Amino acid sequence: MTEEGIRIIRNWTRILIMGLAAGVFVFSIVKITVYYAEGYRNEDQSNELRKIYYTPEKKQAAVGTHNYNILQAVKIPGASIALSLPDTSPKPIDKVWTVQERFVPLLERSQDVVGWLHIEGTAIDYPVVQAEDNKFYLEKDITQQKNAGGSIFMDFRNHIKKEDRHTILYGHNMKNKTMFADLLNYESEWYFDNHSLIQFDNLYENQKWQVFSAYVTNIYDDYIRTQFESKEDYRTFLDDIQNKSLHPLNTTVNEDDIILTLSTCSAASSEYRFAVHAKLIRED
């Protein structure tokens with residue numbers, strides 16, 4: 001091959017490399033732009049939902065059946081009063097599942113809404129949804145539209161009508177400091193101590209939770225167990241997640257407690273997670 005041919009090949013090779021580099025650069029810029037754009041669009045939607053949630057319409061909804069051993073009102077034709085007769089049959093008492101008023105307009109947006117999560121003094125203030133698996137809402141907002149920010153969602157194994165020992169919520173650690181990004185701040189002992197109360201309300205009742213552990217773990221750690229063979233097994237699990245905490249415990253936890261876990265990606269790598277555990281504060 002002549003020197004001229006070699007020179008032409010080198011020039012075309014240089015142009016090809018520069019073209020590929022430019023293509024990668026443009027692709028990266030587009031990806032980053034879309035990521036941030038979807039993140040801010042997700043936050044705009046969240047702000048709208050907050051307005052709806054904190055200033056609800058005057059609606060009420062009852063879900064499920066009820067069966068109380070109470071006085072039944074019986075109207076007699078032609079009479080202006082109703083007699084109350086006791087129901088003496090040995091029927092079991094079932095709980096009335098009444099959706100809280102402020103959740104009704106959210107359920108009109110999405111039937112997958114199961115609660116609302118709020119931590120005072122943080123950006124964490126979002127509706128919580130639930131699907132049939134733990135992948136569906138990774139890149140979808142609560143209206144099931146594609147969005148890099150995804151949603152805060154409950155583990156598909158949990159049930160809000162059942163008192164699960166361990167409820168788990170997941171969310172992305174977004175670079176624009178939305179969704180579960182603030183969880184990483186629990187690496188600070190000051191933050192851990194001063195943001196120790198979590199408000200996680202489900203469709204039917206309001207609940208406060210006390211943070212007792214926060215740490216970095218990995219995807220191979222079974223910190224998201226929902227089934228336990230016995231109280232002793234559960235006790236061992238609680239001891240394990242307490243001992244992992246980056247900070248001294250401010251509260252005790254035992255096998256009679258119900259716990260909540262918030263989980264997000266760690267800044268360390270894609271195989272690491274940051275977990276915050278809290279226990280239900282029972283009202284006396």
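User: How many bridges join strand 5 to strand 9?
Analyst: Quick ground rules: this is a predicted model, where local features need pLDDT of at least 70, side-chain atom pairs count only at pLDDT 80 or more, and totals for chains, interfaces and linings use all residues. Residues are numbered from 1 along each chain as its sequence is written, and side-chain values use heavy atoms, with hydrogens and water left out. Strands here are DSSP runs of E, at least two residues long, numbered from the N terminus, and two of them pair if DSSP finds at least two bridges between them. Strand 5 runs antiparallel to strand 9 (residues 197–202), and the number of bridges is four.

User: Which residue of strand 9 stands opposite Leu117?
Analyst: Strand 5 covers residues 113–118, so look across from there to strand 9. Opposite Leu117 stands Phe200.

User: And on the strand 6 side, what is the bridge partner of His118?
Analyst: Strand 6 takes in residues 125–129 and is antiparallel to strand 5, with five bridges joining them. The hairpin of these two strands has six residues between them, and there Gly121 takes a positive phi near 80°. For His118, the bridge partner in strand 6 is Asp125.

User: How many residues of strand 5 are buried?
Analyst: Buried means under 20% relative accessible area, exposed over 50%, and partly exposed in between, using a 1.4 Å probe and protein chains only. Strand 5 is mostly covered, and of its six residues the buried ones number five.

User: Which residues touch the most other members of the largest nonpolar core?
Analyst: A nonpolar core is a set of buried Ala, Val, Leu, Ile, Met, Phe, Trp, Tyr and Cys residues joined through side-chain atoms within 4.5 Å. The largest one has 50 residues. Those touching the most other members are Leu117, Leu169, Tyr186, Ile198 and Leu262.

User: What is Leu262 in contact with, leaving aside neighbours within four places in sequence?
Analyst: Contact means heavy atoms within 4.5 Å. On that basis Leu262 is in contact with Leu117, Ile119, Leu169, Phe180, Leu183, Ile198, Phe274, Ala275 and Val276.

User: Is Asn147 buried or exposed?
Analyst: Asn147 sits in the loop between strand 6 and strand 7 (152–154). A polar atom of its side chain lies 2.8 Å from the backbone nitrogen of Gly149. Because its relative accessibility is 1%, Asn147 counts as buried.

User: Zooming out, what share of the protein chain counts as buried?
Analyst: The chain has four helices and twelve strands, helices being DSSP runs of H or I with at least four residues. Of its 284 residues, the buried share is 41%.

Notes. A polar contact is a pair of N or O atoms within 3.5 Å; within protein, one must be able to donate a hydrogen and the other to accept it, and residues adjacent in sequence count only if both atoms are side-chain atoms.
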